[in-house]
Amino acid sequence: AIKSALMTTATVIDNSGSEIRDGATTKVSTPLCHGAGHVNLEAALDPGLLYDLGVQDYVDFLCSLNYATKELQVFTKGKYSCSTRYIKPLDLNYPAFSLVFNQNISAKYFATVARTVKNVGAANSVYSVHVSAPKGVSVNVEPQKLIFKLKNERLSYKVTFKASPINLQPQQDFINGFGSLTWTDGRHNVKSPIVFSWL
């Protein structure tokens, strides 16, 4: 919960009011350099919504990647095992989205991922979604509004990503596109970075 609050309230604006820049290239930084952004502790104390994750969630994520029992024990020391629920790796309830389109395997990209958020703000809160899609990627969120009647209530949403192939230059192994998904109630802006990679 703490990590979610820090990530979703982080800022990509520096103390001069400009976008954060990459120290190595001086170009505008991307989520692959700055992650979710600079931590804003004041905002993190009142994040509005949280993406909850526990140890079992991470274990089930590793299970979805077909980790063997021996490999899992390296991380869990035998205290946890795969649960009976099935999840796709993309469905880890993480406050960010990272997707890879291997153009050698498929002619088009299509994926639907699920997320659940917990209302830690006021009861009777309504959040609307705003998407800044990576160039060349269609992003659709359902539902477009989350209506929380209670504090600590949890609601889920799904995000569908669609993309067509793009041409890589002869010396390019990949191209990255960046965007974000933000839930807002007018007071809180709960932002998640999106990274989409074409291989």
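Trainee: What covers the buried residues of α4?

Mentor: Helices are DSSP runs of H or I with at least four residues, strands are runs of E with at least two, and both are numbered from the N terminus. Buried means under 20% relative accessible area, exposed over 50%, and partly exposed in between, with a 1.4 Å probe and protein chains only. In helix α4 (residues 55-64), the buried residues are Val59, Asp60, Leu62, Cys63 and Ser64. Their cover includes α5 (69-76). This is a predicted model, in which local features need pLDDT of at least 70 and side-chain atom pairs count only at pLDDT 80 or more, while totals for chains, interfaces and linings use all residues. Residues are numbered from 1 along each chain as its sequence is written, and side-chain values use heavy atoms, with hydrogens and water left out.

Trainee: Where is leucine 65 placed, and is leucine 65 buried or partly exposed?

Mentor: Leucine 65 lies in the loop between α4 and α5. It counts as partly exposed because its relative accessibility is 39%. Just after α4, asparagine 66 takes a positive phi of about 65°.

Trainee: In what order do the strands of the open sheet stand?

Mentor: Two strands pair if DSSP finds at least two bridges between them. Here the four strands follow the order β1-β3-β7-β5, with antiparallel pairing. β1 (49-50) and β5 (137-142) stand at the edges with a single partner strand each, so one side of each has no neighbour in the sheet. Strand β3 (residues 109-119) is joined to strand β7 (residues 154-163) by 10 bridges, and phenylalanine 110 stands opposite lysine 162 in β7.

Trainee: Which strands pair with β4?

Mentor: Strand β4 (residues 125-132) pairs with strand β6 (residues 145-148) over four antiparallel bridges, where serine 125 faces phenylalanine 148. β4 also pairs in the antiparallel sense with strand β8 (residues 175-184), over five bridges; serine 132 has serine 180 as its bridge partner there.

Trainee: Which residues touch the most other members of the largest nonpolar core?

Mentor: In soluble globular proteins, nonpolar side chains tend to be buried together. A nonpolar core is a set of buried Ala, Val, Leu, Ile, Met, Phe, Trp, Tyr and Cys residues joined through side-chain atoms within 4.5 Å. Of the 26 residues in the largest one, Phe97, Tyr157, Val159, Phe161, Leu181 and Trp183 touch the most other members. Elements giving two or more residues to this core include β2 (97-101) and β9 (189-198). With contact meaning heavy atoms within 4.5 Å, leucine 181 touches several residues, among them Phe97, Val141 and Ile194, not counting residues up to four places away in sequence.
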